Every structure is written in structure tokens, then in C-alpha cells.
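Please look over the sequence and the fold before reading on.

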Amino acid sequence: SSGINAEYGGTLQHKVNTGSQVSSILWSQHSKELVTGHGYLQNQLTVWKYPSMTRIAELTGHQDRVLQLAMSPEGSTVVSLGADESIRLWKVFESCTERKSKKGGESVARSMSKLSMNCRR
């Protein structure tokens, strides 16, 4: 067997038990991370590192399940729509502008070259 599911055209790469229903998923535009929206038990957003699928953060506040997620145009803010009839805005990621202004431990040239590959122009 080739390991490829002919019906769907792919193979399972990773499986994570989230402990609650997953109602939505959103990939970061600028980093190897993703956000999932959940229902029962905590009605939370979870931020994951990809491809390890390590849980980075749990964002709570919705009183009922998260129905949908969307990303802001600059890629830093996630908006969640909940069955609790609320819209919540979450600052989850750094925008390219914010990352460009940080110098950190890398040289500015090296940091800028990475950003130019990852940030939309």
C-alpha cells in the first residue's frame, strides 16, 4: 500500500485530541501557527504551533461555543463569533510591521530578510 488515501488524495500527518469539539480553524498568515475555535467544555480559542501541534495558548471568554474565526487584514488580530451572540477581537499574532520594528537577538538584515519572505507586500 502506498499510504495515500485515493478517495481524498492525502495521508494523515498528525492527530491531536483537543478535549472538545472543534468548530473552526484559522492558519496564521505570517507564522507556523494556527488557531482553533471550540465548543463545550470551555468555548475557547486555542493557539497551536505547527507542525508539532503543541498547544501555545488558550483564550477564554465566550459563554457558548465558538462558531467561526476570521483574521484581520494585517494578520495580527483574530475575530471570533460565538453562539453567545458576541463578537470578540483577540490580539494573537504580531503583524509584519511590529516584527520589523523589533531587533531581538538576530541581526537586522537577517531579521528583515526573513520578514520579506513571510510578510505580504
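In strand S4, the residue that bridges to Leu45 is Leu59. Strands here are DSSP E runs of at least two residues, numbered from the N terminus, and two strands count as paired if DSSP finds at least two bridges between them. S3 and S4, the latter spanning residues 54–59, are paired in the antiparallel sense over five bridges. Four residues lie between the strands in this hairpin of S3 and S4, where Met53 takes a positive phi near 55°.

This is a predicted model, in which local features need pLDDT of at least 70 and side-chain atom pairs count only at pLDDT 80 or more, whereas totals for chains, interfaces and linings use all residues. Residues are numbered from 1 along each chain as its sequence is written, and side-chain values use heavy atoms, with hydrogens and water left out.

Leu45 and Leu59 both belong to the largest nonpolar core, which has eleven residues and also includes Leu26, Val35, Val47, Val66, Leu69, Met71, Val78, Trp90 and Phe93. Such a core is a set of buried Ala, Val, Leu, Ile, Met, Phe, Trp, Tyr and Cys residues joined through side-chain atoms within 4.5 Å, where buried means under 20% relative accessible area with a 1.4 Å probe and protein chains only. Strand S3 (45–49) and strand S5 (66–71) are the elements that give two or more residues to this core, and S5 gives the most, with three residues.

Strands of a sheet pair through backbone hydrogen bonds, either parallel or antiparallel. Here three strands form an open antiparallel sheet in the order S5-S6-S7, with S5 and strand S7 (87–91) as the edge strands, each pairing on one side only. S5 and strand S6 (residues 77–82) are joined over five bridges in the antiparallel sense, and Val66 stands opposite Gly82 in S6. Leaving aside neighbours within four places in sequence, Val66 is in contact (heavy atoms within 4.5 Å) with residues including Ser23, His38, Leu45, Ser80 and Gly82.

How values were computed. Buried < 20%, exposed > 50% of the residue type's maximum accessible area, 1.4 Å probe, protein only.
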